[in-house]
Amino acid sequence: MKADKFFSLQARRVRQTTLLLFISFFYGAFAQAHLPLGVAVSIEPIKTNYDASDALMVEIRYTNVSDLPIQFLMRGTALEKQINEDFLEISSQGRLLPYVGRHVKRLPPTESEYISIEPDQSVSATVDIGEAYPMFEKGQYHIVYKGASFSSGDASLKSSSVASIELSEDRAVKLLKRRTPIIDASCSSTQRSQINQALAIAENIARSARDALNNAPVELRPTARRYTEWFGVYSPGRYSTAQTAFNRISSALSNQVIGFDCTCDINNRENVFAFVFANDPYNMNVCPVFFRVAPSGTDSRSGTIIHEISHFNVVIGSDDFSSALNQSGSRRLAQSNPSAAIRNANAFEYFAENTPFLPMPTVDDLPRPSDLVVSSFSVQKQNPAVEELVGVSAVIANVGESESPSTQASIRLSPDAVISLNDTQLSQGVIPLLGSGAMFNFDSAVQAPSEPGEYWIGICVSPVVGELVTTNNCSGSVPLMVRPRATFLPSIFLLLLDETSD
């Protein structure tokens, strides 16, 4: 009996471990704020009523309610002891408050960012929610932890992932500091040089990205590899969003004063490239990783600047996705969720950096339009008598890459060696629709002029819609020597003329 119970318990743990791994992967790939299965959250305000001078501190506790230890990623949770990601939903009077906290570009998490939580163990941290959400008006605020519904466990613990606080009076609007120097004094001379170099590159690659999107022919955009790689399957609306983003990013880099601060006042700063506050354009905080990477290329200093500028609400208000911290993650997000990919700050960065290089289509990639040419023209008799019927033949070809609609061909008579549509028309006929590379044999008969003399004859094809080259629509000329009509007299008159002459 004990053995059966042991194996039953082991089987249960294997199933639970498998499920934990699956859920962790699923939400790690597709959710921005998530918790592993088996973790319950409780939110406990430090006070029930806060006045204007109080920091809005709340304690957030994470409890392992499963039977197994859980490896818990502290990144993007209160355990960082500051709010670096939008993991709460705060509302007041039925209105959801926007997130105005940090948007952080970081390296993938390292082992040191995980902690092990044993069964029934809790870990907690206290954070100031007023630093990340605009809570200025007196009244009641409701706080919900995002992703808590993905956890399983004790219902009483889960229900406490919702909390409320009361502001007893209006609070002064917190103004984010704006720095007048383009580069703050906290940056060393070497860092200043690196920032200026990266800014120049960022301006160039942002302009190039903008032009690549705007100049791509509309009919080729759905198959544009560079776009679909980072933003997913094409839709006109999402493509327009990408255009708007790069128009504004490029404009900001060319026309706005960009502020840089090298203090990097954030926890775990050694894994951070940079961070910004979305409602504080165009100031950014640059961190140790920023200065360790190359000025251009994948996850570069110049790319990081574009990434951060895309976060600003006046630009596009992009997001950071925990599943898309590098190129492979961003590609997967583009394939699985294009609506999220078009908000992914890394997607804008990787599109601009464009390493490895991926092309965007240009007008040169469009199929060449239809192009009708007279490939040959011949005349059966070049010295006819006046008003004699003359047979003519021509071969008309479509040497363009697009289908040519039906049109007219006309035999033309010219007083000189140049044939054009302005010359006298002798006859005309129909040229049918021709696919790319198709040819049509045109045969006709025309009447020679009524006056003897030297003429030139040829054929012209009327241009079709979209045909860009029309200088080859008329053939070369063939000389036509028209002689007088011959006179024939009966033989009896010839004999009489001979006798008279004697």
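Predicted model: local features only at pLDDT ≥ 70, side-chain atom pairs only at ≥ 80, totals over all residues.

Me: Why is Glu 349 called buried?

Reply: Buried means under 20% relative accessible area, exposed over 50%, and partly exposed in between, with a 1.4 Å probe and protein chains only. Glu 349 has a relative accessibility of 0% and therefore counts as buried. Glu 349 is located in helix 10 (residues 345-353); a helix is a DSSP run of H or I with at least four residues, a strand a run of E with at least two, numbered from the N terminus.

Me: What makes the pair of Glu 349 and His 307 a polar contact?

Reply: The definition requires a pair of N or O atoms within 3.5 Å; within protein, one must be able to donate a hydrogen and the other to accept it, and residues adjacent in sequence count only if both atoms are side-chain atoms. The side chains of Glu 349 and His 307 make such a contact at 3.3 Å.

Me: Which residues does Glu 349 contact, leaving aside its neighbours within four places in sequence?

Reply: Contact means heavy atoms within 4.5 Å. With those neighbours left aside, the residues in contact with Glu 349 include Lys 105, Asp 299 and His 307.

Me: How do you know that strand 15 and strand 16 pair?

Reply: Two strands pair if DSSP finds at least two bridges between them. Strand 15 and strand 16 (residues 389-398) have 7 bridges in the antiparallel sense; Val 379 stands opposite Val 392 in strand 16.

Me: Why does one side of strand 15 lack a neighbour in the sheet?

Reply: The open sheet of 3 strands has the order 15-16-19 with antiparallel pairing. Strand 15 (372-379) and strand 19 (439-447) stand at the edges, each with a single partner strand, so one side of each has no neighbour in the sheet.

Me: How do you know that strand 2 and strand 11 pair?

Reply: Strand 2 (residues 49-50) and strand 11 share 2 bridges in the parallel sense, and the requirement is at least two. Leu 167 in strand 11 is the bridge partner of Tyr 50. Strand 10 (residues 139-145) also pairs with strand 11, in the antiparallel sense over 6 bridges.

Methods. Residues numbered from 1 in each chain as written. Heavy atoms only, no water.
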